[in-house]
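Trainee: I'd like to learn how to read helices and their packing in a model like this one. Could you walk me through it?

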Amino acid sequence: MKKIILALGCGLFFYGCQQLMRDVVQVQKVDQTFLTDQLTVLAQKAKKDIQSYPIDSTRFPRSLEADKSIHATASRSWTSGFYPGTLWYLYAFSDDAELKEAAATWTDYVEKEKWDTHTHDLGFKLNCSHGLAYEMTGEVAYKDVVVTASNTLIKRYNPNVGAIRSWDFNKENWDFPVIIDNMMNLEMLFEATEMTGDSIYHNIAHQHALTTLDNHFRDDYSTYHVIDYNPETGAVRKRNTHQGNSDDSAWSRGQAWGLYGYAMSYGKTKDKRFLKQAEAIADYFFTHERMPKDLIPYWDFDAPDIPNEPRDVSAATIAASALIELADYVPAKREQYLEWADTILLSLSQDSYQTKAVPFFLNQSVGNKPGNSEINTPLVYADYYYVEALRRRLKSLS
């Protein structure tokens, strides 16, 4: 009996070693077949989902409620551009006419946000919808929306601060708050200059990135979430968080926004300060002692109950997409960046991170844990950057 148990144990150990070896080999890179298969499955699910989730200008999908019903929003939500953007990406991959039609209709419903002067998130809303629509179709009307939105956004720029104001709420505590997330809205401004030849958009975006570089980051390249400025002098008043564990913690999605924002900003400006910053943020993020082996981070690197804290898939997808872009700019680190990105993409292909919920792809994201909101749930922007990362990685292999 002991021999049988010993043999069984050795067999299981050998199988485990084989499985581990396969996993290690698998994690090193992905191939075209894997990426094509993943995108095909997502396109098929999206096509099925649009038939069961009616197009409604007041119900942009964002996440799931506690009872598993869809948490939907009006177009004013900062997340309204991600669902049409995801459909545009999947249309571009699949050339499916139904996906294109749905993408176009959802995109049309976001257009009125081009006039909204009360938010910094016009890039998320308009560039992820109309910007992609212009890229995919070449229709000038989409470009015009991006330019109009850019003119609206730069009204929030303060030359004394050298940055675009983020939020208008919480005025009793903040005079001129700027959040790390705002780095993502600069892409629309850079592209508006490319579209029009007018340098004003590029110059404002460039200066905002420089101001953020100077004031948002700690010596170890972790980032504060919110910096509050004196709007008259530009001096820093406060360094806070709104969605992280504490003012001094490293909120994982904030780290991902910073990584993506500086990789993108280097691509648009070739300012080597931005490249250095992106490299340093990537090293901090992916070599952190509290980063899990599958590279799906906890919602905050300083959360108090790791490893029993929620993961944040949205942070992982944003970071993966950023790494694939960054790999093109740093030949010496290309293989390392792609290996990290591939690990994320392979991890997210596992059932534990997938969801069948309509109209989402991935589970286990965290919106605002301190606010007890959107915890361990699908988030539409996690899906958007997941599809973007898969497409970017496929393109990198062609």
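This is a predicted model: local features need pLDDT of at least 70, side-chain atom pairs count only at pLDDT 80 or more; totals for chains, interfaces and linings use all residues.

Trainee: Which residues of α2 are buried?

Mentor: Buried here means under 20% relative accessible area. For α2 the list is Phe34, Leu35, Gln38, Leu39, Leu42, Ala43, Lys45, Ala46, Asp49 and Ile50.

Trainee: And what do the buried residues of α2 pack against?

Mentor: Their partners are α3 (82-94), α4 (97-110), α12 and α13.

Trainee: Let's take α3, then. How many of its 13 residues are buried?

Mentor: 10 of them, so α3 is mostly covered. Among the buried ones are Phe82, Tyr83, Trp88 and Tyr91. The cover over these buried residues includes α2, β1 (60-64), α4, α5 (122-137), α6 (140-153) and α13.

Trainee: What span should α3 have?

Mentor: At 1.5 Å a residue, its 13 residues should span 18 Å, and the end C-alpha atoms are 18 Å apart, which agrees. After α3 comes Asp95, with a positive phi near 60 degrees.

Trainee: Is helix α13 (residues 380-397) largely enclosed or largely open?

Mentor: Largely enclosed by the rest of the structure, because 13 of its 18 residues are buried.

**Reading a helix pair**

Trainee: What describes two packed helices?

Mentor: The general idea is to give the angle between their axes and the distance between the axes. In this model, helix α10 (residues 272-286) and helix α12 (residues 334-348) pack at about 45 degrees, with axes 12 Å apart. That angle makes α10 oblique to α12. Their crossing is left-handed.

Trainee: Which residues make the contact between α10 and α12?

Mentor: From α10 you have Glu279, Ala282, Asp283 and Phe286, and from α12 there are Tyr337, Trp340 and Ile344. Sorted by class, that contact has 5 nonpolar, no polar and 2 charged residues.

**Reading a single residue**

Trainee: Does Thr193 count as buried or exposed?

Mentor: Thr193 sits in helix α7 (residues 186-196). Its relative accessibility is 14%, so it counts as buried. Leaving out residues up to four places away in sequence, Thr193 touches Asp198, Ser199, Ile200, Tyr201 and His202.

Notes. Residues are numbered from 1 along each chain as its sequence is written. Side-chain values use heavy atoms; hydrogens and water are left out. Axes are lines fitted to C-alpha atoms, for helices over the stretch in contact, and angles run from 0 to 180 degrees between N-to-C directions. Helices (H or I, at least four residues) and strands (E, at least two) are DSSP runs, numbered from the N terminus. Angles under 35 degrees count as roughly parallel, over 145 as roughly antiparallel, 65 to 115 as roughly perpendicular and the rest as oblique. A crossing is left-handed if the near helix is turned anticlockwise from the far one by less than a right angle, and right-handed if clockwise. Contact means heavy atoms within 4.5 Å. Ala, Val, Leu, Ile, Met, Phe, Trp, Tyr, Cys and Pro count as nonpolar, Asp, Glu, Lys and Arg as charged, and the others, Gly among them, as polar. Buried means under 20% relative accessible area, exposed over 50%, partly exposed in between (1.4 Å probe, protein chains only). The expected span of a helix is 1.5 Å times one less than its number of residues.
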